[in-house]
Amino acid sequence: MTLSPLEKTGILIEALPYIRQFYGKTVVIKYGGHAMVNCELKKAVMQDAVLMHLVGMRPVIVHGGGPEITSMLGRLGKQSQFIQGQRVTDAETMEIVEMVLVGKINKEIVANIHRYGGKAIGLCGKDGHLIEARKQVAHIQKDGEEMDLDLGYVGQVERVNPGIIETVIAEGYIPVVAPIGVGPDGESYNINADLVAGELAVALQADKLVLLTDVEGILADRDDPASLISSLEVGRVPELIQQGVIAGGMIPKVNCCIRALEGGVKKTHIIDGRIPHSILLEVFTDTGVGTMVVPG
Ligand code: ADP
Ligand code: MG
């Protein structure tokens, strides 16, 4: 598709009010799923972050890495056990998780941002004591009884110390955060990246939280992409979870949007990371590309 000069300038001018509105504002982006694997999508996400940064926004990237962790564990001959969607993480698994997330994925993202014209610094929860974590105790139902479940080094966020993020942003870099938390004795915890993104958005009092995923957004019927719920009120969520409409990996996502809204983040979105430049579409245009979770 070739655009005429008028169409090109039209697109730029359409973005003007959004650029003004978000100038100097913080946007936390959870980067995961397909957009981390597919080359074209990877490039598009990096370009989106660079563009946002260059027009005066403060993007902060939090990344996942489940598939790469699974593949590395496989190469090392270690099988992961999943209980209710969560990886049981023993000490040896934790070591590998940390190496992959912090040593490999995080640095690749940083290098790619530089490749596409931006400046980035990679951090994990240990840097500047950014994310203090504690062990997460999971509860499961077994034979009609509630049981505690030991998932090993799976953590939840205890506290965020956003100082290092502010420093990195003030120095002109895009912070890229790996979802590893640090425990009281300096031990590492693997934390769901959606949760980290939500807590970070609260700690930074972000204007927007954007969670990328591999579906259209929250669907009323998971088998029907046309059933996208474009705007979802917080009050409807418990019922949708109870009915099983929202399930699996979508639960931490929607909960973290709710937590973010309660914590003062202005807007929260779950968007389709399979659409190239879905972040730009969300931030700079009127086009809806997913589900906006809203108070009410
Ligand atoms: P991510 O890598 O983006 O964190 P997850 O697999 O953890 O992806 O979470 C997204 C998944 O949640 C979807 O792929 C889908 O299978 C599942 N899901 C559960 N309920 C819904 C729903 N109501 N709408 C869309 N997806 C849902
Ligand atoms: Mg997930």
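The following dialogue examines a predicted model and the reasons behind several terms used for it.

Visitor: Why is Gly65 called buried?

Guide: Gly65 has a relative accessibility of 12%. Buried means under 20%, so Gly65 counts as buried. Gly65 lies in the loop between β2 (58-63) and α3 (66-75).

Visitor: Why does Gly33 count as partly exposed?

Guide: The relative accessibility of Gly33 is 35%. Gly33 is found in the loop between β1 (26-31) and α2 (39-54).

Visitor: What does the UniProt record place at Gly65, Gly66, Arg87 and Asn190?

Guide: The unreviewed UniProt entry places the feature "binding site" at these four residues. They span 126 residues in sequence, yet no two of their C-alpha atoms are more than 12.4 Å apart, so they gather at one spot.

Visitor: How far apart are Gly33 and Asp150, in sequence and in space?

Guide: Gly33 and Asp150 are separated by 117 residues in sequence, and their C-alpha atoms are 26 Å apart.

Visitor: Why is Ser188 called buried?

Guide: Ser188 has a relative accessible area of 9%. The cut-off for buried is under 20%, and Ser188 is therefore buried. Ser188 is found in strand β10 (residues 188-190).

Visitor: What makes the pairing of the side chains of Ser188 and Glu98 a polar contact?

Guide: A polar contact requires a pair of N or O atoms within 3.5 Å, one able to donate a hydrogen and the other to accept it. The contact between the side chains of Ser188 and Glu98 is 2.6 Å. A polar contact of 2.7 Å also joins the side chains of Ser188 and Lys126.

Visitor: Which residues come nearest to ligand 1?

Guide: There are 15 residues around ligand 1, and Thr213, Leu219, Val245, Ala247 and Lys253 come nearest. By class, this shell has eight nonpolar, three polar and four charged residues. Both β11 (208-213) and α8 (250-262) supply at least two residues of the shell each.

Visitor: Why are β12 and β14 said to pair?

Guide: Two strands pair if at least two bridges are found between them. Strand β12 (residues 231-233) and β14 have three bridges, in the parallel sense. In β14, Val293 is the bridge partner of Leu232. Strand β13 (residues 267-272) runs antiparallel to β14 and is joined to β14 by four bridges; here Ile271 stands opposite Gly290.

Visitor: What makes strand β14 mostly covered?

Guide: Strand β14 comprises residues 290-294, and four of its five residues are buried.

Visitor: How many bridges join β6 to β7?

Guide: Eleven bridges join strand β6 (residues 131-142) to strand β7 (residues 145-160), in an antiparallel arrangement. Ile140 has Met147 in β7 as its bridge partner. The two strands form a hairpin with two residues between them, and Asp143 in the turn has a positive phi of about 50°.

Key:
Residues numbered from 1 in each chain as written. Chains lettered and ligands numbered in written order. Predicted model: local features only at pLDDT ≥ 70, side-chain atom pairs only at ≥ 80, totals over all residues. Heavy atoms only, no water. Near = heavy atom within 4 Å. Nonpolar A, V, L, I, M, F, W, Y, C, P; charged D, E, K, R; others polar. Buried < 20%, exposed > 50% of the residue type's maximum accessible area, 1.4 Å probe, protein only. UniProt positions renumbered as here; feature names shortened; annotations may be inferred.
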